[in-house]
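Let's take a friendly walk through a protein model. Have the sequence and the 3D view ready as you read.

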Amino acid sequence: MEDPTFPLPLVGRHEELRRLDIFLQRAQEVGDSLFLYGEPGVGKTRLLEATAERARTRGVRVLRATSTQYRADVSYGMLAELLHPLAPQFAELDDVLHDALLAALGKRTGPVPPRLVILNACLTLLRRQSEREPLLLVVDDMPWTDDPSAVALGFVARRLAGSRVGLITASRTGERDHFERSGLPGLHIKPIDERASAELLHAAFPDIPPSVRHRLVAEARGNPLALLELPVALDPDQLTGVGVLPDALPLTRHVESVFAARIALLPAETREALLILTEEGTGDLRVLQRAAGAERVLDHLAPAESAKLIKVDLASRQVEFRHPLVRSAVVESAGDAELRRTHRLLADQFTDDPERRAWHLAEATSVADESVAALLEEAARSKLHRGDANGALAALVRAAQVTARADNRCRRLAEASYLAAHITGDLGTATRLLSELRAIGPRLGGSLYAAAAAAYVLINGDGDVEAAHELLVEAIEQDHHGYQADRADLVEALHTLLMICWFAGREDYWQPLYAAIDRLRPRPPELLQLVSGILPDTARASSADRRRLTELIDRQSEWSAPQDLVRVHAAAIYLDLLGGCRTQAWRLVESARAGGAVRSGLSALLHLGLDDFAVGRWEDAEQLADEGLTLAADNGYTFASWFFHLHKALLAAVRGDTDADRWADELVRITSSRKAHGAARTAYHPRALAASGRGDWEAAYQHASRLSSAGQLAPFTSHALWVALDLVEAAVRTGRTAEAEAHARAMREAGLPDLSPRLTLFTLAAEALVSPGEEALLLFNRAVTAPGAHHWPFDHARVLLLYGERLRRVGDLAEARARLSTALTIFQRLGATPWANRASAELRATGRSLALQTAEGARTGNLTAQEVEIAMLAAEGLTNKQIGERLFLSHRTVGTHLYRIFPKLGITSRAALRDALSQ
């Protein structure tokens, strides 16, 4: 029986259409996104079509693209199809965005620009076009969208507010894709109910008797595609009820075989044309005409169009399959020889596109071919250069599969295993590739890339840091690399060894690393030399190191390799330069969310969280820690989860949460079981903070001194810098005056003030704590007024608290109140409850009522907490602009607050603020 050729109604979809209308309305007015998901054949494509039709009736311009299995390996392939109708508008972009978009879409040769520039170019293009006319982007079959396009869509989807752009996508339930949809609205497309099923079946096949219809409805289980295709597979007697229906009708999972049966009835030239279109992936009619070498291509496609398998749009020269399963059925219907011949034809069409040519050649060969393997390896290099780590991994694995010589195959498999373990976050793939390497031959499997990959697998599995260190050192010392600095595998192995040494926390582990770096010729790579000189032992870095690192951070937008970005950011941690790394770190996080470089994304979440903690964005830090724990667990990075246990412990400690010790205990359990004692020692930081918060100064001293004993900054223990002030304060409060003085002196002698404004704050405060009388007050004042000190609000407020305590003890109550009030306000804003309680107690000791500080208001004026903070800063002499920079407000907002504060305090000028606040 033939299937219906007339348009069928959308039955049983009233609620879905209502939701789609709401989406369209929002998209047309303020921008919106929506993703549809459901089982194969449930009607997602039909609902996308209905949405597009409804949009057109509203005067919305519709841009459509359908992802395909082949094009999943073509970077920005889907995005190129989607944006093609807007090509004339590319010229309206500025030169940087214009060139970036053309390069990404393959319309211009040269280096691929940073992904963030490409993403901004897409967004800018869409927003500008929507000012002329509302737009709707429709993308079907998302699981086959290439990684860079998926990241671009995720980027756009989160930034549509205020535009007139809508984005709607569709995916099968349970199929993983690279589109990051967390937090975006979704619509689950469920099977239609029995009544709607019967209505649809009757509309399509009105002559089917009720008995057969009931059986078909029961077997289809609400799947619209099955309802429309099952009758086609039955003979006339079965459809009329005369013949016996088979015991098992083909269900949704067998629908491809129904299509295959229809495809088998097509002429040979039609099947050949469909196969070329399927494997080409974009539906470009011009490519088909060139590949098939036939002038009568339209005639060849006509039978497939009549069979409702495809739609041909002559205006756009595009061919669209009516359902993704048709493409699958076309491939299933073809033999291996026919598939290889098709790929050879297509390879000849892409001589100007090396990546696509390489993939088609690989699919066309049934034997090892070194020339094809080399092309695929070069394609992998190009993909990795523009940040497409997953695409690079796939290309390297395919290259290995078509490699003849065992040594070349092992080399490619080793690099692929390293990418999987170190960048993409696919430890399962890394383990499988390493097993394949060992099966080929233990000697050939002992490469540097393989050793680096094995190290990551070891520390995240049942192994430990000591075994990983031994493995890497042996591989580096035995490999025949000649210590050539241009050997990428050697440099990557050394970077990996650096991190293993840091995790281990053993001073003797560093000697093999530095010995190998010193032997590199003609000279060590700049990044390796800088990171190895800063991250392991920041206390012995120099101001020149900081300047060089700052220069690298300023240039990081030029880079796209995830691992290089992570290394720059790691070097920035203890020099307090992470603020300049945030844009690129977010790029890595977005890639990880979209299924890209997971391992790099975990590091980026760590770096963003550390920066958020330091600058007082504690709620954001909490969310990043939770995301990191989930991402690590989902991808098998058990060891890397210690990053986020540290975050959780620090946040709990400063808030006075009793969970601080629990998080620290779990950090120690994860790291110590793998002999990562350097990582384990970071737990002393939150433990020291928690003890300080509750006033247990003996415990605080013991914890802080376990990171570095008093009087020295322990070598290869950069984290000790962050508890240096805690150690000095705890030593003073427990009567260890000599130890406190020795540690403050060590901080000064190490030149910490030359390394960062935050370390300047710590050093001056430590010196003030051990100094007498007027000298201490001068040092405290220098500390709290040092350039950049306010950028670290919690640390700044702690020093203000110490300053206020000292002022109160020397009898300067007015000045003490001013400092303590500012500290209290900051602590309250942050949620640092233990320190807010200490500041409150100190204020009460000055004779001050806490009405002002507890946001009950000043006098009878009811100042808010923010007004108190602004008033205190203004009383210190800061300008509106300076106050705004500290509190992340505009200078106009600060002025408005002061306009309200003056009458509440009964004053008329800034000059009267200090006296008013001290009363």
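The report below looks at one strand with its neighbours and then at the cavities.

## A covered strand

Keep in mind that this is a predicted model. Start by finding strand 4, which spans residues 165–172. This strand is mostly covered, with 8 of its 8 residues buried.

Now look at where its residues point. V165, L167, T169 and S171 point one way, while G166, I168, A170 and R172 point the other way. Residues of both sets are buried.

## Partners of strand 4

Which strands pair with strand 4? Strand 1 (residues 32–38) pairs with strand 4 in the parallel sense, over 7 bridges. To see one of these pairings, find L36, whose bridge partner in strand 4 is A170.

## Spaces inside

How many cavities of 30 Å³ or more does the structure hold? There are 10 of them, and the largest cavity contains about 400 Å³ of space.

The lining of the largest cavity is made by 29 residues, and M499, A570, L606, H607 and F643 are the ones nearest its centre. Helix 20 (406–424), helix 24 (488–504), helix 28 (562–572), helix 30 (598–615) and helix 32 (642–655) each give two or more residues to this lining. By type, the lining residues of the largest cavity comprise 18 nonpolar, 9 polar and 2 charged.

Terms used
Residues are numbered from 1 along each chain as its sequence is written. This is a predicted model: local features need pLDDT of at least 70, side-chain atom pairs count only at pLDDT 80 or more; totals for chains, interfaces and linings use all residues. Side-chain values use heavy atoms; hydrogens and water are left out. Buried means under 20% relative accessible area, exposed over 50%, partly exposed in between (1.4 Å probe, protein chains only). Helices (H or I, at least four residues) and strands (E, at least two) are DSSP runs, numbered from the N terminus. Two strands pair if DSSP finds at least two bridges between them. On a 1 Å grid over the protein atoms alone, a cavity is a set of points where a 1.4 Å probe fits but cannot get out, and a pocket is an open set with protein on both sides within 12 Å along at least five of seven lines; lining residues have an atom within 4 Å of a point. Grid points are joined across faces, edges and corners, and a volume is the space filled by probe spheres set on the points. Ala, Val, Leu, Ile, Met, Phe, Trp, Tyr, Cys and Pro count as nonpolar, Asp, Glu, Lys and Arg as charged, and the others, Gly among them, as polar.
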